[in-house]
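Biologist: Hi! Could you walk me through this model, starting with how the helices pack?
Modeller: Happy to, let me bring it up.

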Amino acid sequence: MLKYLLPQGSSFAGDIDFLFLTIFVIVGFWFVLTMGMFLYLTVKYRRQDGVKAEYITGKEANLKRWITIPHALIILCDIVLIVGAVRVWYMVKQDLPEQGDKVRIVAQQWAWTFYHSGPDGELGTPDDIAVVDELHVTKDTVYHFQGESLDVIHSFSVPTFRLKQDLIPGREISGWFKPTLLGEYDIQCAEMCGIGHGVMGARLFVETPEQHEAWMQRVTAMASK
Amino acid sequence: MSADHADHAHHEPTFIEKYVFPTDHKFIATQYLVTGLCMALIGGFFSFAFRMQLAWPGSDIPVFGHMSPAEYNAAITNHGTIMIFWVAMPVLIAAFGNFLIPLMIGADDMAFPRLNRLSYQVFLISAIVIVASLFVPGGGFGGAWTAYPPLSAEAVYNLTPLGSSMWLTAVALEFVAFLIGGINFIVTAMNARAPGMKWDYVPMVVWMICIASILFMGSVGPLVAGAVMLLFDQTLNTGFYDPTRGGDPILWQHLFWFFGHPEVYVVLLPATGIVAEIITTFSRKKLFGYQLILFTAIGTGVLSFFVWAHHQFVAGIDPRMANIFTITTVLISIPIAEMLFLFIATLYKGSIEFTTPMLWALGFIFCFLIGGVTGIPLGASGSDIYLHDSYFVIAHFHYTFFPIAFIGSFAGITYWFPKWFGRMMNATVGKLHFWLTFIGFNGIFMPLFVVGLAGQHRRIYNYEHFPDLSTPDLQMLRIMATCSLLLLLASQTLFIWNFFYSMWFGKKAPANPWNANTLEWTVQSPPPHGNFGPDFPTVYRGPYEYSAPGRDSDFWPQSEPS
């Protein structure tokens, strides 16, 4: 359902959306049931002349079932939810598929610097391409990222990827994503980082290998001028 | 205690004793109530200012004027801080705790009346400090109510050297005030109960305020220490949270949320206690499963100490830790769901009268149910990767905090107003106020769920800087939320009018206008200094003996001999 609000731009976006849908359906079932019961009882037992309330303590076995059975079922649903959540979490945050390319993300008040690997495909070499507020990646490549912050806590957030990771000063935080949708999307800073937090956006460009190649030539030519 | 009590009966307090240095629990309760409601006006004004900015970015906001990014950050930060620490806490715990505990357990006052006075005085100072922090050079603190360092620790980053230190001082002082108050509530409930008031005869709201106080005292200690360290980082140039000098910014997050999550239940439990009193009275029913509700409250309280890191799933903690906290967080749904089930079951075969307090209590169940279920996708680590720090979070916790802080408080105020001030509130205006507030509230946060799911992140003063978020559809939802807020705020004038008009000109209230069972309804309205006169009441039965079989009357006061 989330894809109607925002396209799924990464390999795991669909899994996160499916987890959300699962939770929505399970929780929605309980919500409708509980809310329906609540509204029904409220209307059905409104005060009527000559009708006295009944004396019920809550210890009656036939009535207590209405609490204990849902209680047991909720534990069951919780187990399903936990398994689903941990599965998706493991895939996105604990697992690290084999690297196709790497990008270094450096956040500071209030800008992003993205270090791309350049024509040689290796990060940390002289031909690295550093760009402010623009991240250029190729579709269907597994990217490892290495996130850093120079001052306060920032959070690298790409809604179309369904990816979010806080960047902490003094640490290197790694993770991965695999873009699956061509186009241009928002990158946000999702952690309050001072007065410029509201303008700390960047743009993500997901390109075909040819477009990416052309972009690299363009920026290297610009740099050598 | 009885000698002390006899003293009270003969000695009417002088003007200074009553109004300047009061020790009467009812007057201190009134002080907390009025201070809390005044702070709510400030917190509400902030929400007006920043929602106007979000709906019509850059426009000239009435009363406020043009809003800069720094002012926007200060407004959202102080809105959150004030609403939780200076509205929900003083009204729900301190005002109702002070007013209700002695009256409901049959005591003449709190166990430590002078500590009680000190608690309010410290609280008042903290309120003055937080309000003053908005007017110092550099402006108020704008690093969000969670105040994550290094942003909050260093003036070069937050640009509010005075504002952030004063904000932190105010919060620490507020904690001190509620530590003093919490000790008082617990000691009073344990030691000052009237003869015959066994543990399972104690009204639910007293239980809930005591459990909340225990949770608060158990969780706030680490944060007070953390706040002192942060204050040292700000002012003495220490490096507790500074990674360049061996400190750790994540440490603050652990200390903050170790308190921050139990805090949710600290304010939730008193509100559910208020709701329990009201739904039993107005459905003329015994509480369904008194002990079970108590166990769910205690269970929730214990579990709440083990869920804090679900606020930090993507904060850079060890990713394996998220799995543990997902389990504890999802499990907390069990006691909370069960508590709501038990409240709903209490309505079964009742005789429900839709008075103003009952509307608020039912409205609480309605809204809190939405707040509860929308917490699950946030507690589940996998989906929280996307939803963390989005407007979905904002909508979720407002669906919990608004029912707690406002719907719960309005329920309590309209229910106990006759006892508190000796006069009845206007029921027609009260119901109109309920419906407009209820519609306004849902109108604000339903659209915000949607913008959150569409990827809108929090604490941004103008979404025009984010092309994917500056679409006309999303902007329309933002405008809908702001218009609903205007309705919500405007309808509070009804409450303010009703509150003050009824206080002075309302119909005189009898001792027991709702035919309720608990002890506070056996004394005149308002209760005199010393509450019960020369003799303490004796308690013969539990608080919810409504519609007992074999009796003509459908209620059975706790102190009526059988």
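Modeller: Let's begin where the chains meet: the axes of H2(A) and helix H12 (residues 333-346) of chain B come within 10 Å and cross at roughly 155°. Axes here are lines fitted to C-alpha atoms, for helices over the stretch in contact, and angles run from 0 to 180 degrees between N-to-C directions. Helices (H or I, at least four residues) and strands (E, at least two) are DSSP runs, numbered from the N terminus.

Biologist: Before we go on, what kind of model is it, and how are things numbered?
Modeller: This is a predicted model, where local features need pLDDT of at least 70, side-chain atom pairs count only at pLDDT 80 or more, and totals for chains, interfaces and linings use all residues. Residues are numbered from 1 along each chain as its sequence is written, while chains are lettered from A and ligands numbered from 1 in the order in which they are written.

Biologist: Thanks! So are H2(A) and H12(B) roughly parallel or antiparallel?
Modeller: Given that crossing angle, they are therefore roughly antiparallel; angles under 35 degrees count as roughly parallel, over 145 as roughly antiparallel, 65 to 115 as roughly perpendicular and the rest as oblique. The crossing of H2(A) with H12(B) is right-handed, meaning that the near helix is turned clockwise from the far one by less than a right angle.

Biologist: Which residues meet there?
Modeller: From H2(A) they include A:Trp66, A:Ile67 and A:Ile74, and H12(B) brings residues including B:Ile334, B:Phe341 and B:Leu342. Contact means C-beta atoms, placed from the backbone, within 7 Å. By class, this contact has 10 nonpolar, 2 polar and 2 charged residues. Ala, Val, Leu, Ile, Met, Phe, Trp, Tyr, Cys and Pro count as nonpolar, Asp, Glu, Lys and Arg as charged, and the others, Gly among them, as polar.

Biologist: And over the whole interface, how many residues are in contact?
Modeller: 74 residues of chain A touch 82 residues of chain B. On the chain A side, H2(A) gives the most, with 17 residues. That side has 44 nonpolar, 17 polar and 13 charged residues.

Biologist: Switching to chain B, what is its secondary structure?
Modeller: Chain B has 18 helices and 0 strands. Its radius of gyration is 23 Å, close to the 24 Å from the globule rule for 562 residues, so chain B is as compact as a globular protein of that length. The radius is taken over C-alpha atoms, and the rule is 2.2 Å times the number of residues to the power 0.38.

Biologist: What about chain A's radius of gyration?
Modeller: Chain A has 25 Å, whereas a compact globule of 225 residues would have a value near 17 Å. Its C-alpha atoms fill a box of roughly 95 × 40 × 35 Å along the principal axes.

Biologist: How many helices and strands does chain A have?
Modeller: 3 helices and 10 strands. 5 strands form an open sheet of mixed pairing, in the order S3-S2-S1-S5-S8, where strands pair if DSSP finds at least two bridges between them. The edge strands are S3 (129-132) and S8 (173-177) of chain A.

Biologist: How many bridges join S5 to S8 in chain A?
Modeller: 5 bridges, and the two strands run antiparallel. A:His144 stands opposite A:Trp176 in S8(A).

Note on methods
Two residues are in contact if their C-beta atoms, placed from the backbone, lie within 7 Å.
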